[in-house]
Amino acid sequence: MSARPSFFSPKALLLTAALAVGYYLLISVKIDNVNPYYPWYHGRIDVYYSKMDSLAKITTWSERMFGRHMTNYEIPRFILRKLRPGDTVLLPPIEYGDLYTRTRSFWTDPRIFTYMTTLSPIVAYDDTARRRSVNTYVKLEPRSISVVRRGGSTDIDSLLAEYEDARQLAKKPQADDE
Amino acid sequence: MNDAGLQLFIITFLQFAAGMGILGMCRVTMPRSVAIPTSVILGMFVHSVAFFLASLLGIGVSLTTTTVTAVISAIVVNAPLPLTIPMWKGLLARPTWNVRMYDVMAWTLGAYILFIVVWGTWYWPVTPFDAMAGIDLVARQAIEEGTLNNSIYTHPSLAGRLSNQPYYAPFAMLHQVMTRTMGFAYGQLWLAVASVSFAVFFAAWLRRYVHPFIASATWLLILITPEWLGYQYLLQTDFINAVFVAMGAMFTIEAIRTSSASWLAAAIVLFAGGCWSRTETPIIVGFGLVLVFLPLSKQLGQRTAVLFSAGTVAACSVIFALWHVIWFSVLPVRPDSLTELRIPDVTTFFTVLTDLFTNVLAEIGLWGWIFPLVVLAAIVSLIRHKRLGLTLPWLWMGAIVLGLVLVGSIFSSAVVEQTLRRGIFKLVPLVGLALVTTSYVQQLSDRLMTWEGKRR
């Protein structure tokens with residue numbers, strides 16, 4: 001009963017054109033809050049095709065990790081390199097990290113720190129039970145990171161106060177909203 | 001092709017072979033365009049279970065384990081030769097597809113998009129927080145220590161810091177481990193294999209119901225659904241879970257529609273795969289079983305409906321228990337899930353339901369136009385034809401929404417805008433199916449058939 005339509009026919013050409021035009025309109029017409037396919041296509045597909053050549057030049061796995069995770073990759077690795085045997089680092093609260101980095105400081109979470117490096121002698125900021133074993137701290141400045149210990153040039157109590165201030169500062173707007 | 005690429009190719013072929021064996025044992029007859037991608041997806045499930053069982057027996061994590069478990073899965077599942085050989089013979093049958101120009105156009109556009117999925121999974125490292133704090137954290141350490149039961153669970157720096165992410169249902173974690181053993185630094189390539197397989201399956205599946213032009217257009221629309229495509233190269237448990245659940249639902253629909261019970265056996269395996277990939281799936285499958293019981297018993301008899309329900313419950317229970325009971329009893333530290341449970345009440349249920357609709361489903365930035373479109377098609381169908389069309393996809397969509405809302409009501413950690421948002425992935429393919437099976441789109445399809453010169 002079926003007369004099979006051929007691959008190429010005026011009707012098939014018309015339907016092909018309809019499909020192509022429909023798709024083209026979806027990804028090309030920018031109407032905010034109406035056409036979500038335009039920003040999606042340009043943000044998720046077009047951007048990769050246009051940058052594929054330059055991205056392909058980044059060949060090492062670690063460079064790609066940095067390209068995606070930025071400071072969340074760089075800072076934990078830097079800290080790990082600076083550790084000495086016997087060191088146990090207190091990770092600062094995320095709010096302290098956020099004061100110095102553009103991306104959210106997920107590296108302050110021990111799981112992410114471990115993911116970016118390896119299992120290490122670290123203590124989460126709010127881990128009060130293990131706080132006593134800490135002897136090393138992380139100090140951030142606008143363009144530098146240092147791993148500091150008691151007895152050095154950095155006043156650790158002031159640093160801990162900075163950590164706490166950053167937390168309080170982050171909480172404040174929420175409290176005001178309430 | 002480098003060594004890692006060759007390994008991936010060989011392992012994927014072995015998984016495909018295992019999947020072919022499963023389909024053969026299910027005695028389900030399906031076109032090659034459906035059988036090939038379905039086999040890959042089923043084989044991935046079977047292989048991950050075999051790999052896990054090896055770990056349970058104390059065999060270390062290595063490329064040898066990955067390869068040997070793949071070989072064993074393929075051989076064992078294909079052992080009943082009288083059942084499996086016809087499936088393989090079917091691959092050599094003469095093609096019956098009548099390819100048209102617009103098919104080639106749709107496939108070209110789809111391939112252009114899917115290439116980014118493949119490239120993205122290979123090129124970019126893992127980025128979702130949940131994956132870095134959970135499944136891939138465990139997977140990376142498993143590679144380092146050679147065992148799934150590794151120091152992530154016991155190291156003092158993480159003691160009390162692990163939430164439920166490292167305990168997620170294991171499909172994605174196991175595939176991260178296996179793909180990493182092949183030499184891919186970020187794992188993830190398995191996600192591309194699953195994504196491409198599902199895209200091929202879905203392209204073929206929609207053509208069973210509607211004119212190829214409408215099928216192709218719907219397929220493209222689903223493929224470019226922003227959130228759906230994003231998680232085809234972002235590592236999470238949700239996309240692969242959606243693939244299993246949606247395919248299981250589609251197979252039950254097909255069984256009822258064609259009065260062919262053999263689809264149900266394959267559906268059972270797919271639902272088990274769903275429970276192996278996301279923890280809350282048994283609840284959703286349970287709702288689905290209840291909702292399709294009547295149409296199933298009406299079409300295939302009460303005995304078949306009862307057997308199917310019992311088989312699904314048994315398979316899902318076994319697979320759920322394998323991880324959540326047996327493996328958890330092996331681990332030195334178990335998740336404290338009970339503290340996350342709360343007694344559901346009507347207010348919470350309706351709050352979650354309202355939030356799901358207003359904050360998630362209504363968000364076109366996430367889902368594009370697929371939800372408004374299917375609602376519109378349903379309304380037009382009801383007004384013009386006084387009937388919706390095929391109701392079974394809607395029953396499954398109802399089961400998924402009900403299941404997700406119940407999960408959101410019971411678990412305090414299930415956030416509507418995050419957990420449930422990704423749970424919505426299960427709806428996406430079913431929305432495509434619901435759309436093309438509404439009576440209005442079916443009428444359009446018939447008209448298009450006539451206009452193009454082919455009668456159904």
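1. Let's start with one term: a residue is called buried when its relative accessible area is under 20%. Keep in mind that you are looking at a predicted model. With that cut-off in hand, turn to helix 21 of chain B, which spans residues 427–436. This helix is mostly covered, with 10 of its 10 residues buried. Among them are B:Leu427, B:Pro429, B:Gly432 and B:Val436.

2. Strand 3 of chain A pairs with strand 1 (residues 89–90) in the parallel sense, over two bridges. Here A:Val89 stands opposite A:Thr136. Strand 3 of chain A also pairs with strand 4 (residues 144–149), this time in the antiparallel sense and over six bridges. A hairpin of two residues links strand 3 of chain A to strand 4 of chain A, and A:Glu141 has A:Ser144 as its bridge partner.

3. Where in chain A does A:Ile31 lie? You will find A:Ile31 in the loop between helix 1 (10–28) and helix 2 (37–56) of chain A. Its relative accessibility is 42%, so A:Ile31 counts as partly exposed. Together with A:Val21, A:Tyr24, A:Leu25, A:Val29 and A:Val34, A:Ile31 makes a nonpolar surface patch of about 520 Å².

4. Now for the rings. Over all chains, the whole structure holds 45 aromatic pairs. One of these joins B:Phe201 and B:Trp205: the ring centres are 5.2 Å apart and the planes meet at 25°, so the pair is stacked. Both residues belong to helix 9 (residues 189–207) of chain B, where being four residues apart separates them by about one helical turn. B:Phe201 is buried at 0% relative accessible area, and B:Trp205 is also buried at 0%.

5. B:Trp205 has a second ring partner. Its ring centre is 5.4 Å from that of B:Trp263, and the planes are at 75°, so this pair is edge-to-face. Because B:Trp205 lies in helix 9 of chain B and B:Trp263 in helix 13 (residues 262–277) of chain B, the pair ties together parts that are 58 residues apart in sequence. B:Trp263 is buried, as is B:Trp205.

6. B:Arg208 lies over the face of B:Trp205, 5.1 Å from the ring centre. In chain A, the charged end of A:Arg131 sits over the ring of A:Tyr125, at 4.6 Å from its centre.

7. B:Arg208 also forms a salt bridge with B:Glu254, with the closest N and O atoms 2.7 Å apart. B:Glu254 is in helix 12 (residues 238–258) of chain B and B:Arg208 in the loop between helix 9 and helix 10 (212–223) of chain B, so they tie together parts 46 residues apart in sequence. How covered are these two? B:Glu254 is buried at 0%, whereas B:Arg208 is partly exposed at 25%. B:Glu254 also meets B:Arg257 in a salt bridge (3.3 Å, N to O).

8. Finally, a link across chain B. B:Arg422 and B:Asp130 form a salt bridge at 3.1 Å, N to O. B:Arg422 lies in helix 20 (residues 416–423) of chain B and B:Asp130 in helix 6 (residues 129–132) of chain B, so the pair ties together parts that are 292 residues apart in sequence. B:Arg422 is buried at 8% relative accessible area, and B:Asp130 is buried at 16%.

How values were computed: Residues are numbered from 1 along each chain as its sequence is written. Chains are lettered from A and ligands numbered from 1 in the order in which they are written. This is a predicted model: local features need pLDDT of at least 70, side-chain atom pairs count only at pLDDT 80 or more; totals for chains, interfaces and linings use all residues. Side-chain values use heavy atoms; hydrogens and water are left out. Buried means under 20% relative accessible area, exposed over 50%, partly exposed in between (1.4 Å probe, protein chains only). Two strands pair if DSSP finds at least two bridges between them. Patches are made of residues with over 30% relative accessible area and no salt bridge: like charges are joined within 9 Å, nonpolar side chains (Val, Leu, Ile, Met, Phe, Trp, Tyr) within 5 Å. Accessible areas come from the Shrake-Rupley method with a 1.4 Å probe; for residues, only the protein chains shown count as cover. A salt bridge is a side-chain nitrogen of Lys or Arg within 4 Å of a carboxyl oxygen of Asp or Glu. Rings of Phe, Tyr and Trp (its six-membered ring) pair if their centres lie within 6.5 Å; planes under 30 degrees apart count as stacked, over 60 as edge-to-face and the rest as tilted. A charge sits over a ring if NZ of Lys or CZ of Arg is within 6 Å of the ring centre and within 35 degrees of the ring normal.
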